[in-house]
Amino acid sequence: MWGDTVEGWADPALDWIGTLAAAGVPFGAHADPAADDGDGLLLLPDPEAWPSQAQQAADSGRPLVIGPPPEVHADRLRVIREALGALVRPDLDGVLVLRLDDPGASLREHLDGWRHPPVAQSAWDALWGTLSGFGRVSVFCCPGWVERDGLLVDSRSRDRDTWQALERGVAAGVADLECHGHTHLHPNRDAWLAAPDRFTNPDWYRELWPPLEPAEPDWRDQARIIGRWQSACGQGTALVAPGEGWGAGTLRAARERGLKLVNSWGICRLDFPTPTWSRGVGSPYLDEAGPEWFTAGLPVIGYWHERDMAVGGPAWAPEHLERWRDAGARRAWAFADLARSYETPIEAYLENGEVRVVRAPAVPLITEVAA
Ligand SMILES: [Zn+2]
């Protein structure tokens, strides 16, 4: 794993890598100068580590950037663009990636302080209606429902109205189903059933790496949980671990199951040789709309829980989405839309002042020539 989820201090190399990964700018990263093929821009976060390479690049006229990235995210791509002469990248400006957690999960019947009725059909239809013309949402759902007696049943038959509403959203093209674990509960249901605090301790409602476990469960066990979700819901693109209970094994499990992205404040891209956390991408709650989130020109993840729609009523989500549009959100994307903008590395050349794009994902692009 490169980088971290919470944008703590990062080594300058990982700071650059996380920025390029978030922006969809292709890169290769090497610890050994011999692995450098000499193509493209040479980025040396610590030039003293590779002194002769910096000199060679300077002598040969190869585009060269040295040192850590600028503090301000919007300045980082400008530095790259000026060194290259031009930069082509996916247009992620004003992209609001929507993440709705928990539909289908039984914690809404079990956990004290979290209990709520099912989301009203009118609230689902209000959400789908608001999204048509604005974009799409990823619904991080759980297809396994745990009864009070510990029995595991199919959530689709137990929580039928919720799943019928989700199917309407999927059929309308405004919702994708994504993985939020299988049950949202600790996988040891016997231990949960025997625990006196099973209805009061939120730690029981974490599935991949429950905080009750001092050591992270084997990645294969976590991959099986993701596999059960996939058997019920399809391949999927992205994972949100219940209650942010995850570890390095979770990233491996998600990658082995073919998922592309993990979200936990930042975005982890699983399509690189090493899972790589973004820099400059945040996940504010849906009721925290504001223009400041969009200044980096990178995607913003807006997330909420089905509980908000159950408690807040049909207007809750549409009103907050309206505020995001006022704050600069131009398009709402599902995680699959973001993965699509990342999956084809852009190949472009600057020839006689003209940018020629040889290969690019089928999404809107930003082409900028240096001033
Ligand atoms: Zn959840």
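This is a predicted model: local features need pLDDT of at least 70, side-chain atom pairs count only at pLDDT 80 or more; totals for chains, interfaces and linings use all residues.
The chain comprises 13 helices and 17 strands, and its C-alpha atoms occupy a box of roughly 75 × 45 × 30 Å when taken along the principal axes. Buried residues make up 41% of the 371 residues. Among the contacts in the chain with a separation of 6 or more, 67% are accounted for by residues 24 or more positions apart.

The largest nonpolar core contains 92 residues, of which Val97, Val137, Leu239 and Leu261 touch the most other members. Helix α1 gives the most to this core, with six residues. When residues up to four places away in sequence are not counted, Val97 touches Pro299, Val300, Ile301, Trp333, Phe335 and Leu338. Val300 is also touched by Phe294, which, under the exclusion of residues up to four places away, touches Gly94 and Gly328 as well. Phe294 itself is located in the loop between β12 and β13, the latter strand spanning residues 300–305, and it counts as buried because 20 C-beta neighbours lie inside 10 Å, where 20 is the number from which a residue is taken as buried. Although Phe294 and Gly94 are 200 residues apart along the chain, their C-alpha atoms are separated by 6.1 Å.

Helix α1 covers residues 12–23, and at 1.5 Å a residue its 12 residues should span 16 Å, a value with which the 17 Å between its end C-alpha atoms agrees. The buried residues of this helix are Trp16, Ile17, Gly18, Thr19, Leu20, Ala21, Ala22 and Ala23, and they pack against strands β1 (42–44), β3 (86–90), β11 (266–269) and β12 (276–277) as well as against helix α3 (73–84). Within α1, Gly18 has 26 C-beta neighbours inside 10 Å and therefore counts as buried. Leaving aside neighbours within four places in sequence, Gly18 is in contact with Gly3, Ala10, Thr276, Trp277, Ser278 and Arg279. In the segment before α1, Glu7 has a phi near 65°, which is a positive value in a residue other than glycine; with 17 C-beta neighbours inside 10 Å, Glu7 counts as partly exposed.

Helices α2 and α5 were examined in the same terms. In α2, which covers residues 51–60, the number of buried residues is one out of 10, so this helix lies largely in the open; just after α2, Gly61 takes a positive phi of about 80°. In α5 (residues 121–131), Ala123, Trp124, Leu127, Trp128, Thr130 and Leu131 are buried, and because these residues cover an arc of only 165° around the axis, they are placed on the same side of the helix. An α-helix has 3.6 residues a turn, so residues three or four places apart point the same way. The elements against which the buried residues of α5 pack are strands β5 (137–141) and β14 (331–333), together with helices α7 (160–171), α11 (306–312) and α12 (316–326). Just after α5, a positive phi of about 95° is taken by Gly133.

Strands β15 (residues 347–351) and β16 run antiparallel and are joined by five bridges, and within this pairing Tyr349 stands opposite Arg356 of β16. The two strands form a hairpin with two residues between them. Asn352, which lies in the loop between β15 and β16, has a phi near 50°, a positive value in a residue other than glycine. Asn352 is exposed, since 5 other C-beta atoms lie within 10 Å, the limit for an exposed residue being 12 or fewer. Strand β16 (residues 354–359) is likewise hardly covered, as the count of buried residues among its six residues is zero.

Key:
Residues are numbered from 1 along each chain as its sequence is written. Helices (H or I, at least four residues) and strands (E, at least two) are DSSP runs, numbered from the N terminus. The expected span of a helix is 1.5 Å times one less than its number of residues. Two residues are in contact if their C-beta atoms, placed from the backbone, lie within 7 Å. The arc is that of the directions from the helix axis to the C-beta atoms. Two strands pair if DSSP finds at least two bridges between them. A nonpolar core is a set of buried Ala, Val, Leu, Ile, Met, Phe, Trp, Tyr and Cys residues joined through C-beta atoms within 7 Å.
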